[in-house]
Amino acid sequence: MVDRPNKPTAIPVGSSTAVPAPQVDISSDNSSVTATLPSGDSVTVLLFGATVTSWKSAGGKKENLWLSEKAILDGSKPVRGGIPLVFPVFGPPPSDHATSSLPQHGFARNSRWEFLGKSTSESAGKGSAGDDSVTLDFGLGSSNLSDSAKQAWPFNFGLVYSVTLVKDVLTTNMTVRNEGTKPFECQVLFHSYLKVDDIANTTVSGLDSIEYVDKVNGASTQTETNKAVTLTGETDRVYKALKPEAKVVVKENGKPLYEVGRDNLDDVVVWNPWAEKAGGMGDFAPKDGYKQMICIESGAVSGWQKLDGGDSFEGAQIIKSVL
Ligand SMILES: O=P(O)(O)OC[C@H]1O[C@H](O)[C@H](O)[C@@H](O)[C@@H]1O
């Protein structure tokens, strides 16, 4: 799990602390928090949905996340792009499950989260600048939910979401705790929209021999036979039961662009809406923007995590941006 060098320091939302280099800079307002490392790498998290909307590496020169030009950031709709959070259900909820009255992908991406604080570790004078790190912690519990979400899913839960930035690596870690006495079942996923130059030159490796559910093909179960998966049309696949150490690598023109690893998350969804579906989404822009993105989504979604009162589940996604 994510190393937290120090205990988080509470920062009231709305405050802004600008500290001179080479320290980590944190700035926040009523709607988002941005952390910038001395190297220039940065991450921005919108409190609405605790959605990461930007992650820049290469000293701030390379944006790694695709964000629609028409993404709605005011809290009225989940964000189209970045890393929306999926909890407690992935996709349309099954009609015979306790999540059945929730919207697609649950309520985490539709709720306003609390910024709990930051912890930093700075290497200034001690070693290489590549050791600098910052973790931003966000919380969501039953008491933060809208009345309708509370009614639709009447369980007492607590989520702590930690976003850790080190040079060229972004780790997102979710801890789910059942704070009540009634058991509940849940799914968790990081819906990462990775930015690519051209989907036509993009491949995904690390999925060979993995069984997947093909959601654009009648939810049929298939086994991946390609070492390098290419996308040539609408793609929506849930690859299941990956080995913990297996990395999913997005390559462009044969060169690695992103390496996506997981901790305690066995499933990986590969999604691209392609032209027609993107055309039908009011918040998707530009309309040919599907050529510049690929969703690689790590999660625990092919079954349910059952948590008894007091139990916790923790899972993380680790994305390395390769130059
Ligand atoms: O449009 P959204 O609710 O954000 O969902 C976007 C997509 O999320 C996941 O990748 C699912 O596998 C897709 O079936 C879904 O279309």
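Two strands count as paired if DSSP finds at least two bridges between them. Strands (E, at least two residues) are DSSP runs, numbered from the N terminus. Welcome to a predicted model, in which local features need pLDDT of at least 70, side-chain atom pairs count only at pLDDT 80 or more, and totals for chains, interfaces and linings use all residues. Residues are numbered from 1 along each chain as its sequence is written, and side-chain values use heavy atoms, leaving out hydrogens and water.

**View 1. Strands β11 and β22 side by side.** Here β11 (residues 169-178) and β22 (residues 312-321) run antiparallel and are joined by nine bridges. Look for M174, whose bridge partner in β22 is G315.

View 2. Nine strands line up in the order β8-β9-β10-β11-β22-β19-β18-β13-β16, with antiparallel pairing. At the edges are β8 (114-121) and β16 (228-230), each pairing on one side only.

View 3. The model holds 17 aromatic pairs (rings of Phe, Tyr and Trp, its six-membered ring, with centres within 6.5 Å; planes under 30 degrees apart are stacked, over 60 edge-to-face, the rest tilted). Y212 and Y239 make a tilted one, 4.7 Å centre to centre with 40° between the planes. Y212 sits in β14 (residues 211-214) and Y239 in β17 (residues 235-239), 27 residues apart. Y212 is buried because its relative accessibility is 7%, and Y239 is buried at 0% (buried means under 20% relative accessible area, with a 1.4 Å probe and protein chains only).

**View 4. An aromatic cluster.** F87, F107, W153, F155, F157 and F184 gather in one aromatic cluster.

Technical notes. Helix = DSSP H or I, 4+ residues; strand = E, 2+ residues; numbered from the N terminus. Buried < 20%, exposed > 50% of the residue type's maximum accessible area, 1.4 Å probe, protein only.
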